[in-house]
Amino acid sequence: MEELSKDVLNSDQLTACQEYIETCVQCCWLMAIQEPPVHMEWGFKKGISDFNKDVLKSYTKTGNTVAYMVWPALFLHRDGPLLCKGIAQGVDHMVSNESEV
C-alpha cells in the first residue's frame, strides 16, 4: 500500500492524508464512546426511501427517493435530535433493486 501511495501522492500529500485519516478515526471514536453514542443513519433503501429534506441534503441531483447515500445523517443519539443532515443523491423514479445504500 505504501509503495502504491508513493507512486500516486507526494510526501506532503501522504502526510496530509495520514493526518486527515487519524483525525477522522479520533472523531469517530469520540462519537462512539459517548453515552449514549452519536448515531449515524445510513439505513436508507435505494429507490424506496423517501428523500426527507428535514434529514437529508441533495448531492448533485434532487428527487423524491434516495438513489444512494454520500454521507450519513448524524443524530445526538438514536431517535435523538439531528446534529447534521446527511447527503444523498436523489432520484425521481423507483429503482427495482431493494438493497440498502
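Okay, let's start with the sheet: 3 strands make an open sheet in the order 1-4-5, and the pairing is antiparallel. Strand 1 and strand 5 (82-84) are the edge strands, each pairing on one side only. The twist averages 35 degrees from one strand to the next. Strands here are DSSP runs of E, at least two residues, numbered from the N terminus, and two of them pair if DSSP finds at least two bridges between them.

Before I go on, this is a predicted model, where local features need pLDDT of at least 70, side-chain atom pairs count only at pLDDT 80 or more, and totals for chains, interfaces and linings use all residues. Residues are numbered from 1 along each chain as its sequence is written, and side-chain values use heavy atoms, leaving out hydrogens and water.

Back to the sheet. Strand 1 is joined to strand 4 (residues 73-75) by 3 bridges, and His-39 stands opposite Phe-75 in strand 4.

Now, where does Ser-49 lie? It's in the loop between strand 1 (39-41) and strand 2 (56-58). Ser-49 is buried at 14% relative accessible area, buried being under 20%, exposed over 50%, and partly exposed in between, with a 1.4 Å probe and protein chains only. A polar atom of its side chain sits 2.6 Å from the backbone nitrogen of Lys-45.

Last, cysteines. A disulfide is a pair of cysteine sulfur atoms within 2.5 Å, and the count comes to 0.

How values were computed: Helices (H or I, at least four residues) and strands (E, at least two) are DSSP runs, numbered from the N terminus. A polar contact is a pair of N or O atoms within 3.5 Å; within protein, one must be able to donate a hydrogen and the other to accept it, and residues adjacent in sequence count only if both atoms are side-chain atoms. Axes are lines fitted to C-alpha atoms, for helices over the stretch in contact, and angles run from 0 to 180 degrees between N-to-C directions.
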